[in-house]
Amino acid sequence: MDTGLLVLRLVAGLLVAGHGVQKVSFRLGGEGLAGGIEEFRRDGFRGGRLTALAAGGGQIGAGLFLAAGLLTPAAAMAAAGVMTVATTVKWRNGLWVQHDGYEYPLFLVVVAAVLALTGPGRWSADHVLGLTPWPVWISVTALVVGPVSGLLTRLVLHRTASAAEGAPGHARAAG
């Protein structure tokens, strides 16, 4: 079981971190911070640079902590939060990834939940530091707070269509 949790943590954590690196740099196929800012604007988010930095930094930190098995419930909570936002962005495209759907971010939310519930395993920083097993209430709290924080982030930072249309410099597309 510990080997399986190690593989799951490493793969999922490094993928989440990689997404963050893409948001803020030219590494791993990213388009730099300007590309991350433009991606969020295209997806209807306000905040520009701060939004891209917060999302990218959150993904990098959550992913690296998950991969290491360090403060696993908090890392899972943060990963689930940022990937819940990604799920909401892709929701309109349906489930399947070949249509730019939410399949992949939803899967990462579920992996984060599994790691919060099972713990990181024996081969983890949490185990080395004597932090395992985490109390169940901490894991359950992480499972709730992560996705709820992602949904609140979406609610607070996402512009409505009418607000975006009324924004200065916004040209309404001809239908």
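How do the axes of helix α1 and helix α3 cross, and within what distance do they come? Select residues 2–24 for α1 and 48–68 for α3: the axes come within 7 Å and cross at roughly 160 degrees. (Helices here are DSSP runs of H or I, at least four residues, numbered from the N terminus; axes are lines fitted to C-alpha atoms over the stretch in contact, with angles from 0 to 180 degrees between N-to-C directions.) That makes α1 and α3 roughly antiparallel, the term for angles over 145 degrees.

Before moving on: this is a predicted model, where local features need pLDDT of at least 70, side-chain atom pairs count only at pLDDT 80 or more, and totals for chains, interfaces and linings use all residues. Residues are numbered from 1 along each chain as its sequence is written, and side-chain values use heavy atoms, leaving out hydrogens and water.

Now for the rings. Searching the whole structure turns up 2 aromatic pairs (ring centres within 6.5 Å, using the six-membered ring of Trp; planes under 30 degrees apart are stacked, over 60 edge-to-face, the rest tilted). Pick phenylalanine 40 and phenylalanine 45: centres 5.8 Å apart and planes at 80 degrees, so they sit edge-to-face. Phenylalanine 40 is buried at 9% relative accessible area, and phenylalanine 45 is buried at 3% (buried is under 20%, exposed over 50%, partly exposed in between, with a 1.4 Å probe and protein chains only).

Next, jump to tryptophan 91 and tyrosine 102, whose centres are 4.3 Å apart with planes at 20 degrees, so this pair is stacked. Tryptophan 91 is exposed at 53%, while tyrosine 102 is buried at 14%.

Conventions
Helix = DSSP H or I, 4+ residues; strand = E, 2+ residues; numbered from the N terminus. Parallel < 35°, antiparallel > 145°, perpendicular 65-115°, else oblique.
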